[in-house]
Amino acid sequence: MTFNTLYEIVKHSVEKFSERIAFSMIGGEDVSYKEVGERVEKVKEMLLNAGVGKGDKVAILSSSMPNWGVAYFAVTTSGMVAVPILPDFTGAELDLIIEHSEAKAILVSDKLYTKLSKSTVEKMNIVIRTKGLNVISQTVEERAEAMVPKPEDLAVIIYTSGTTSKPKGVMLTHYNLAAQTTIIPPLFEYNENDVLLSILPLAHTYECTLGMIYPFSRGARVHYLDRPPTASALMPALASVRPTVIASVPLIMEKIYRAKVLPTFQKNALLRKLYGWDWSRKLLHKVAGKQLKKLFGGRMRLFAIGGAKFDSEAERFLLEGGFPYGIGYGLTETAPLIAGAVGNMVRIGSTGPALPAVQIRLDNVNPDTKQGEIVVKTPCCMVGYYKNEAATKEAFTEDGWFRTGDLGAMAEDGWIFIKGRLKNMIVGPSGENIYPEDIEEVLNSNRFVAESVVTEQDGKLIALVHFNTEALEEAYDEFKYKASVKVEQVQLRMEEIKRDVMEYVNSKVNRFSKISKVVDNEGEFEKTPTKKIRRFNYNKPSSSETPTQESEKK
């Protein structure tokens, strides 16, 4: 069935799947499709009676729960405009976003309510608590008008978390979002028997579209966690839900591979040797893949990975292990999916071909590397950035194609290979194009490296590294018994490890991608709500680093 608006999706699903469970809270309530419809009407009436009507903006600032979807559908199906806000924004950022969006009302969860300033709350016609759908405060009591939205009507304004710049409000219409339920099915089709485990913020378009709107249109059931998807929270959730589908960012599976799978194959010299041979590595991966499927509940149909580049070693494990994964590529501005690969389509390092009705080409192609900026034409493309004509104009080519800002290459059959972000590319001393993401992938394949950022300083490539504490403690007594060992001894060992890491990387990259320095970044890197490193915070390493913090290339 083809949908043109979110209104059509909600009306269809509430009627067709009325007795089925739509949303569940792990350890909490189950909400049927019929009850979703009833709650949508309740919220709609609350907003209308507070003078919030067609075309008005309504912010949604809430942790994941069944009523998040209720709030979203109540706003959008009434002809109002939803402003979903990521929970990890600071209080000051929240105030600025809400003011910029001109929101007249807000639906907010208890913990996040405390992040709002008093002045922001006082400006709202009405503030509604998402957990119980009760009024926290109301300053206006007058009746507004609703309307049945048309496909071209604005449905949402989404403020991107951004890894390189300040947030921008992406404007998506009803058709932009509804069309995703038409172009995704040829890649992967949900059905009434699908059970999803939602682990990403619903305010992000990736989770909202693939984890809520699309499954809701097909009668599937979505379970929500009431906490971040750490191992201690995720393992019991997987056991109780036994999901058939999970939408995830690469970091989660990369962590599982680096922390749980890879160490198993490096326990002793024999295993390390076997892991170095193709035939035995594939056999080991197959055994580990079966165990991973059991860990995920035993009935996974799709572990969807998107939002950032996926580490090729971790992907090779999933492919050879027979784990049912898929790769998707898209942006908030494209609602989001524009390309993807599942099942037999997957190729290591590729995001697959364009989805039906989506056109992709490369602009400004380098004749030597055959790489260029990926630009797209899709029915799901935004109409622009809210109140930002300059940024909107810059985002499109002269012939109306959207500039993704990603550098990539395309195989003859249309499979896309992304090299990295255009803004992240470093130009070498002789004009070479250097992609930090490629170097970081090699860095992260070292067993002592948890995550990394490659940046440039004074014409040299610097690797900021967050080291894997568990791996260091397992390999060296200096780290295991740090409290009883001299500081100088620990520092000397750290310097040795940094030199080894640098030699390891430089032996695997081309000559102009070799790093000159390894800097120990204590603690994890600051990330966006979808677990992408905020690179702009690390563009210039501090010049006050001491010799014990760095390893210089001699």
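Predicted model: local features only at pLDDT ≥ 70, side-chain atom pairs only at ≥ 80, totals over all residues.
User: How much space lies in the largest cavity, and which residues are the closest to its centre?

Analyst: The space in the largest cavity comes to about 140 Å³. There are 17 residues lining the largest cavity, and the closest to its centre are L187, L210, L302, A304 and L337.

User: Which elements give two or more residues to that lining, and how do the lining residues divide into nonpolar, polar and charged?

Analyst: Two or more residues of the lining come from each of helix 9 (205-217), strand 13 (302-305), strand 14 (325-330) and strand 15 (337-342). Sorted by kind, the residues lining the largest cavity are 14 nonpolar, 3 polar and no charged.

User: What is the volume of the second largest cavity, and which elements each supply at least two residues of its lining?

Analyst: The second largest cavity has a volume of about 40 Å³, and the residues that line it include Y72, H204, T205 and C208. Its lining divides into 8 nonpolar, 2 polar and no charged residues. The elements that each supply at least two of the lining residues are strand 8 (154-159) and helix 9.

User: How many residues has the largest nonpolar core, and which have the most contacts inside it?

Analyst: The largest nonpolar core is made up of 147 residues, and those with the most contacts inside it are L47, Y72, M212, F216 and F296. Another core lies apart from it and has 26 residues, among them L443, V465, F467 and Y476.

User: Which kind of aromatic pair do F296 and F303 form?

Analyst: Both F296 and F303 are buried, and F303 is one of the residues in contact with F296 when neighbours within four places in sequence are left aside. A pair of aromatic rings is described by the distance of the centres and the angle of the planes. For F296 and F303 these values are 5.6 Å centre to centre and 90 degrees between the planes, and the pair is edge-to-face.

User: Is helix 16 mostly covered or mostly exposed, and how many of its residues are buried?

Analyst: Helix 16 spans residues 436-444 and is mostly covered. Its buried residues include P436, I439, V442 and L443, and L443 also belongs to the core of 26 residues. In helix 16 the number of buried residues is 8 of 9.

Key. Residues numbered from 1 in each chain as written. Heavy atoms only, no water. Buried < 20%, exposed > 50% of the residue type's maximum accessible area, 1.4 Å probe, protein only. Helix = DSSP H or I, 4+ residues; strand = E, 2+ residues; numbered from the N terminus. 1 Å grid on protein atoms, 1.4 Å probe; cavity = no way out; pocket = protein on both sides within 12 Å on 5 of 7 lines; lining within 4 Å. Points joined across faces, edges and corners; volume = space filled by probe spheres on them. Nonpolar A, V, L, I, M, F, W, Y, C, P; charged D, E, K, R; others polar. Core = buried A, V, L, I, M, F, W, Y, C linked by side-chain atoms within 4.5 Å. Contact = heavy atoms within 4.5 Å. Phe/Tyr/Trp six-rings, centres within 6.5 Å; stacked < 30°, edge-to-face > 60°.
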